[in-house]
Amino acid sequence: MKYFFSISFFLIVTTRLLAQTDEQASGQFIKSAFHLSEVMLHDVASPPAAARFYAYAMLSAYEVLQRNQSDMLALSKNFHVVPEFVQLPVPTNFNSAFCATYAMLETGRLILPSGYMLEEKQGELIAIFRKSYKLNAKHLEANRQYANQVAAQVMAYAKKDGYFSLSVLPRYKPNTKEAGRWYPTPPEYMGAVEPQWKTIRTFFLDSADQFLSDDPAPFSTEKGSSFFNQLEEVVTVSKNLTAEQKAIAGFWDCNPFAVTYSGHAAMGVKKISPGGHWIGITGIACRKANAPLQKTITAYTLIALSLHDAFVGCWYEKYHSDRIRPESAINKYLDDAWRPLLQTPPFPEYTSGHSVISTTSAEVLSYLFGENFAYVDTSEEYFGLPARSFKSFRAASQEAAISRLYGGIHFRDAIEAGQRQGEAIGKYIVNKIKKLN
């Protein structure tokens with residue numbers, strides 16, 4: 001009887017310790033993932049570029065686990081362009097938590113312009129696993145080398161996605177001959193961001209134009225026309241914003257190019273990208289669900305890959321329709337002194353990027369965590385904004401979409417078309433994942 005009790009007690013204690021260790025590993029991964037966002041803030045990464053950086057970093061983490069856990073989906077074998085990854089010998093005393101997290105940081109170190117900033121975080125990770133997980137220097141080094149080899153394979157795949165060919169492609173020139181086309185907006189009058197992003201290779205989508213949007217309302221200065229009605233709507237909404245609507249606009253601003261002025265000095269305002277915001281939401285969902293490491297890395301990876309593809313599809317439409325921003329149109333045809341609540345981002349208006357990627361993210365997260373997953377979004381507290389509560393991921397995506405009208409930076413049809421485009425992309429990706437099960 002005593003013997004039976006001892007075994008039972010041992011099993012209970014061991015199970016709790018393993019659960020605690022897995023929870024700690026998941027938390028450490030979430031913390032390390034945020035370090036990627038910090039470097040992107042430093043680099044002022046454009047929204048589509050940030051999504052690309054997240055995608056490859058998370059893919060490295062996923063590859064570490066998937067190669068060593070038979071119950072995980074072979075995502076990379078089902079990409080539009082299948083990587084030429086090869087199996088690697090697993091080190092003695094293999095630690096999946098350390099290797100996955102380190103591989104993610106290593107890919108970030110290699111792919112981000114200021115990736116060297118992650119070297120300190122890699123050192124801290126080594127120290128944590130040496131102390132908390134009792135890995136000696138020899139075993140840690142073997143695990144580190146394995147993680148680096150996986151990251152190297154992912155980076156080799158990344159180098160062929162078209163990113164390094166962007167600089168030699170034709171530059172964007174504003175169409176000054178046709179009314180209603182995009183041109184730079186104040187206060188910085190920045191040139192168009194990533195006009196050739198449509199050429200970047202996708203993961204799940206077959207092509208950048210796989211999910212085309214409806215055509216935007218034809219440009220017209222005629223009163224009563226669809227376009228002019230939307231023009232007037234932006235002005236009317238901006239003049240009657242409630243405190244709550246202003247808070248919503250600010251919460252979802254996510255403009256890494258925002259600039260403020262003090263006298264003649266221009267200063268950049270640090271803000272996370274739209275994709276970075278949803279990466280933050282993914283971490284919040286994983287923590288609330290007490291997701292084990294495997295589900296945490298799966299969630300991060302699927303969201304990052306989906307964000308990447310959604311940006312490619314959205315950016316195709318932006319430079320295809322090449323539509324003028326509300327600020328430019330209102331200043332020219334209605335009120336030259338009008339300014340939006342939010343600073344206008346430096347690229348064409350249609351479709352709304354936040355509407356696209358937020359709706360896509362909501363589709364994927366609803367599949368992973370459930371349709372009615374309520375949570376408190378604290379991702380903007382880092383920037384001094386109060387948290388907001390949501391009943392579901394779709395409720396959050398709907399708020400993110402309408403925030404662009406409150407902010408004065410999008411017309412209504414760009415928001416609604418963006419939601420339809422994002423939903424189509426999200427459902428397509430979820431269906432692909434379901435077929436792998």
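I began with P187, which is found in the loop between helix 5 and helix 6 (226–239), where helices (H or I, at least four residues) are DSSP runs numbered from the N terminus. The peptide bond that leads from P186 to P187 is cis, with omega near 5 degrees. I note that this is a predicted model, in which local features need pLDDT of at least 70 and side-chain atom pairs count only at pLDDT 80 or more, while totals for chains, interfaces and linings use all residues. Residues are numbered from 1 along each chain as its sequence is written, and side-chain values use heavy atoms, with hydrogens and water left out.

**Backbone entries**

I looked up E194 next, which lies in the loop between helix 5 and helix 6 and has a positive phi of about 50 degrees although it is not a glycine. A cis peptide bond also runs from Y350 to T351, with omega near 5 degrees, and T351 lies in the loop between helix 10 (326–333) and helix 11 (353–369). For N290, in the loop between helix 8 (274–288) and helix 9 (293–321), I recorded a positive phi of about 50 degrees, although N290 is not a glycine. Is N290 buried or exposed? N290 counts as exposed because its relative accessibility is 54%, the classes being buried under 20% relative accessible area, exposed over 50% and partly exposed in between (1.4 Å probe, protein chains only).

**Helix 2 against helix 5**

I then turned to helix 2 (residues 47–66) and helix 5 (residues 137–158), which pack at an angle of about 135 degrees with their axes 9 Å apart. Here the axes are lines fitted to C-alpha atoms, for helices over the stretch in contact, and angles run from 0 to 180 degrees between N-to-C directions. Helix 2 and helix 5 are therefore oblique to each other; under 35 degrees counts as roughly parallel, over 145 as roughly antiparallel, 65 to 115 as roughly perpendicular, and the rest as oblique. The crossing of helix 2 and helix 5 is right-handed, a crossing being right-handed if the near helix is turned clockwise from the far one by less than a right angle, and left-handed if anticlockwise.

Which residues of helix 2 and helix 5 meet? From helix 2, I listed R52, Y56, L59, S60, E63 and V64, which meet Y146, V150, A151, V154, Y157 and A158 in helix 5, with contact meaning heavy atoms within 4.5 Å. The residues of this contact of helix 2 with helix 5 divide into nine nonpolar, one polar and two charged. In that division Ala, Val, Leu, Ile, Met, Phe, Trp, Tyr, Cys and Pro count as nonpolar, Asp, Glu, Lys and Arg as charged, and the others, Gly among them, as polar.

**Aromatic pairs**

I counted rings of Phe, Tyr and Trp (its six-membered ring) as paired if their centres lie within 6.5 Å, with planes under 30 degrees apart called stacked, over 60 edge-to-face and the rest tilted; by this rule the count comes to 31 aromatic pairs. Y56 and Y157 form an edge-to-face pair, at 6.3 Å centre to centre and 75 degrees between the planes. Y56 lies in helix 2 and Y157 in helix 5, so this pair ties together parts that are 101 residues apart in sequence. Y56 counts as buried, at 0% relative accessibility, and Y157 counts as buried at 7%. I also noted a cluster in which ring pairs link F251, W252, W278, F369, F373, Y375, F390 and F393.

**Helix 3 against helix 4**

For helix 3 (residues 96–111) and helix 4 (residues 119–132), I found that the axes come within 10 Å and cross at roughly 170 degrees. That makes helix 3 roughly antiparallel to helix 4. Helix 3 makes the contact through A97, F98, T101, Y102, L105, E106 and R109, and helix 4 through E119, K121, Q122, L125, I126 and F129. The residues of this contact divide into seven nonpolar, two polar and four charged.

**Two buried leucines**

L65 is in helix 2 and is buried, with a relative accessible area of 1%. Leaving out residues up to four places away in sequence, I found that L65 touches M72, S96, A100, L293, Q294 and I297. L307 is in helix 9 and is buried, with a relative accessible area of 0%. Apart from neighbours within four places in sequence, L307 is in contact with A51, G275, I279, I357 and S361. The C-alpha atoms of L307 and I279, 28 residues apart along the chain, are separated by 9.1 Å.
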